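My notes follow in the order I took them.

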Amino acid sequence: MKDILELEGISKVIKGRTILDDISFAVKRGQIYGFLGPNGAGKTMTLRMIAGLIRPSKGRISICGHSVAKSFVKAMENVGCIIEYPEFYEFMSGYDNLMMLRAMEPIIEKSHVRDTIELVGMSHRINDRVSSYSLGMKQRLGIAQALMKKPSLLILDEPTNGLDPAGIKEFRELLKSLVSNSDISILLSSHLLSEVQMICDEVAIIMHGRIIRTSKVSDLTMGRKVIWQVDDVQRAVGLLRNEFDIISYVDDDNAINAFVDDDLTEINEALVNSGIGLRTVFRTKRTLEELFIELTGGETIG
């Protein structure tokens, strides 16, 4: 698949302080790509650079083959974005808000406004005042606004903030529908790791301004988590660390959790031979949230 978005060696230095350092990743056509990181890691600044709102100190960003630095207008013609919260004139209808935007973009055909409204599932409420909309409806209207000029890349920064579980599920289905029906690519920044795991094809994880992992979601969660229940938790944790270099943690059920891809026979024998009673041991697939905690040392996602 062709790369819709490419970042190569992006850095940002402000007053001698490096905020972003050598950021590189690519989003392919038809992908939903997750962008994750703790609070203050540099996610929003990276998204703002892609949207042309901030200039990098170093590196290259291209959208549909157009350099953001050298061919800004052509690059931006292929981008729709919602960074932070979409804003509208509350006293106007959703339709009038979209038509006002169309008046500023002559290339947008009126028929496409209607098509976009239908695509985001807002036909039944589009003529109501925005002030009467739920947060989920406003998010849908924001996506309609971002899709008006038929972009190849849609950038969404924390789009499910404030939505209830039903709203989050609806939003997830909307994004899947957009990709399948309009061949668009989506770059999604979110703190809801379970949602990212369900919807994204690939992810990049950023920490302290650097990318620490990029991979398919299926590959990231492939590593196997092992759970031991023993009669002497502290001794077992120490043995795993000292003899096998395994970093583990104890969960709320007082069970030992660790990520181990090797065969467990030698490890289990060592536990038993040390006089540690082994009650149960089993493997389970790790979640994206568990991997994130492992990679970032438990820093808060945001």
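**Domains**

I started with the domain assignment of the protein chain, which gives domain 1 (3-220) and domain 2 (223-285). These bounds come from an automatic or database domain assignment. I then looked up the spacing: 42 Å separate the centres of domain 1 and domain 2, taken over C-alpha atoms.

I noted the ground rules next. This is a predicted model, where local features need pLDDT of at least 70, side-chain atom pairs count only at pLDDT 80 or more, and totals for chains, interfaces and linings use all residues. Residues are numbered from 1 along each chain as its sequence is written, and side-chain values use heavy atoms, with hydrogens and water left out.

I took the strands from the N terminus. Helices (H or I, at least four residues) and strands (E, at least two) are DSSP runs, numbered from that end. Strand 1 (residues 3-14) and strand 2 (residues 17-28) run antiparallel and are joined by 8 bridges. Two strands count as paired if DSSP finds at least two bridges between them.

Next I traced an open sheet of 6 strands, with the order 6-7-8-3-9-10 and mixed pairing. Which strands stand at the edges? Strand 6 (79-82) and strand 10 (210-216) do; each has a single partner strand, so one side of each is left without a neighbour in the sheet. The twist averages 15° from one strand to the next.

Val 203 stands opposite Ser 215 in strand 10.

Then I looked at helix 1 (residues 43-50). Helix 1 lies across strand 3 (32-36), strand 7 (153-157), strand 8 (185-189) and strand 9, and runs at about 150° to strand 7. Contact here means heavy atoms within 4.5 Å. Axes are lines fitted to C-alpha atoms, for helices over the stretch in contact, and angles run from 0 to 180 degrees between N-to-C directions.

**Helix 3 and its two partners**

I looked up helix 3 (residues 94-104) against helix 4 (residues 110-119): their axes come within 11 Å and cross at roughly 140°. That makes helix 3 oblique to helix 4. The classes are roughly parallel under 35 degrees, roughly antiparallel over 145, roughly perpendicular from 65 to 115, and oblique for the rest. Tyr 95, Leu 98, Met 99 and Arg 102 of helix 3 make the contact with Lys 110, Val 113, Arg 114 and Ile 117 of helix 4. By class, I read 5 nonpolar, no polar and 3 charged residues. Ala, Val, Leu, Ile, Met, Phe, Trp, Tyr, Cys and Pro count as nonpolar, Asp, Glu, Lys and Arg as charged, and the others, Gly among them, as polar.

I turned to helix 5 (residues 135-147). Helix 3 and helix 5 pack at about 25°, with their axes 10 Å apart. Helix 3 and helix 5 are therefore roughly parallel to each other. Gly 94, Leu 98 and Leu 101 in helix 3 meet Leu 141, Ala 144 and Gln 145 in helix 5. This contact divides into 4 nonpolar, 2 polar and no charged residues.

I finished with an open sheet of 4 strands, ordered 12-13-11-14 with antiparallel pairing. Strand 12 (249-250) and strand 14 (278-285) stand at the edges with a single partner strand each, so one side of each is left without a neighbour in the sheet. Strand 12 pairs with strand 13 (residues 256-259) over 2 bridges, in the antiparallel sense. Val 250 has Ile 256 of strand 13 as its bridge partner.

Helix 9 (residues 233-244) packs on the sheet and touches strand 11 (224-230), strand 12 and strand 13; its direction makes about 15° with that of strand 13. Helix 10 (residues 265-273) lies across strand 11 and strand 14, at about 155° to strand 14.

How do the axes of helix 9 and helix 10 cross, and within what distance do they come? I found roughly 130° and within 11 Å. Helix 9 and helix 10 are therefore oblique to each other.
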